[in-house]
Amino acid sequence: VAGVSEVQRTCKKAKHQQGTCSREVVNLMSIDLLRQQPRWKEALVDLREIMTSLVQHGFKAENMRTWKMHWDRQLYKALEHQYQLGLEGLNENLPEIKVELTFRQQRLQFRPPLEEIRAKYFREMRKFISIPNHFRGVGEDNSFYQLMVDHNAPGFSTVYSKAEDLFRRLVAVQEMFKDWVVLGSIDLDALVDKHLHDVADWERNFRALKARGRDAEKLPLSVKVDCITVSTVPVKSTIDDHIQQLFDALMSSLRRSITQEVQTIDTFLTSGMEALSTRPQTVEEIGEANLKHTELTSQKPQIQPLFEKAESKNKLLRN
């Protein structure tokens, strides 16, 4: 009777463990293989401990091989289900790769460089693809898990295609900021001096620069490209510097323009004062004085607007 009771307890325990194994494998069907690998490892440890405990309770190890093979087949199904789901969304769900967009040596660059980003991405991608090659189930023979890679190989072309599309979109992030950093490759003082002459020119450019500054504030601090997060803080800081540098160039050119016009006015007035203070004594000196007077009179129409221009520019400078 005691022997029968022991057998009953053993069978009851085996039945209970059968249910536990079933629940573990069913749960694995819904556990993300890419982002929740620790939970997969925990479940596999639990399953192996169940096998070990049954041996400790009297089940012969050699008699459990078929049972272990059965659960390895069930694990294979769960693994392949999550493996296929992982391949479909690999570009979005790989571990986050953080990069920065910078402007150095007069060109937009990623930090780390694009080549390193690609290398890291494809390293993580290959790491996931090779999971079945290193997968350990509950039995002694795990080689059949490796068949999963070949079985799903036709889907790898889509994985690589999505990867290339990801990097095309990543490069497009650079293009999005290209127009914003063009000032970093220009001699601003020379540009301003060449194109700005009237007060309206400065007024128009100050307004445009102010609007540009408001638009720059709206640029995103980061851009998400699937599993890659691009911080744009460094390039936004550079853009702010460029806007400030252009503002400084506008102010400097406005001051130079005022100074030049004041100098022209001052030269005219000094010349006029000298002519008026000179008293001709001879016929020749009288002739020279008349010529000087005629010259000053002809210059007067050009000088008068300079007073108005200088005053308007000075007013803009104070504002």
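How many bridges join β3 to strand β4?

Strand β3 is joined to strand β4 (residues 228-231) by 4 bridges, and the two run antiparallel. Strands here are DSSP runs of E with at least two residues, helices are runs of H or I with at least four residues, and both are numbered from the N terminus. Two strands count as paired if DSSP finds at least two bridges between them.

Together β3 and β4 form a hairpin with 2 residues between them. Asp226, in the turn, has a positive phi of about 55°. Val225 stands opposite Ile228 in β4. Val223 and Val225 make up the covered face of β3, whereas Ser222 and Lys224 make up its uncovered face.

## Basis of the model

The model is predicted: local features need pLDDT of at least 70 and side-chain atom pairs count only at pLDDT 80 or more, while totals for chains, interfaces and linings use all residues. Residues are numbered from 1 along each chain as its sequence is written, and side-chain values use heavy atoms, with hydrogens and water left out.

## Salt bridges involving strands

The structure contains 11 salt bridges, a salt bridge being a side-chain nitrogen of Lys or Arg within 4 Å of a carboxyl oxygen of Asp or Glu. One of them pairs Lys224 with Glu96, with 3.8 Å between the closest N and O atoms. Because Lys224 belongs to strand β3 (residues 222-225) and Glu96 to the loop between α4 (90-93) and β1 (97-104), this pair ties together parts that are 128 residues apart in sequence. Lys224 is exposed, at a relative accessible area of 54%, and Glu96 is partly exposed at 42%. In these terms, buried means under 20% relative accessible area, exposed over 50%, and partly exposed in between (1.4 Å probe, protein chains only).

Arg111 and Glu100 also meet through their side chains in a salt bridge, at 2.4 Å from N to O. Arg111 lies in strand β2 (residues 107-111) and Glu100 in strand β1, so the parts tied together are 11 residues apart in sequence. Relative accessibility is 36% for Arg111, which counts as partly exposed, and 29% for Glu100, also partly exposed.

## A helix-to-helix pair and a network

Arg256 forms a salt bridge with Asp193, their closest N and O atoms lying 2.7 Å apart. This pair links distant parts of the chain, 63 residues apart: Arg256 is in helix α10 (residues 233-277) and Asp193 in helix α8 (residues 188-195). Arg256 is partly exposed at 30%, as is Asp193 at 39%.

A network of salt bridges links Asp165, Arg168, Arg169 and Asp226. Asp226 is the residue in the hairpin turn with the positive phi.
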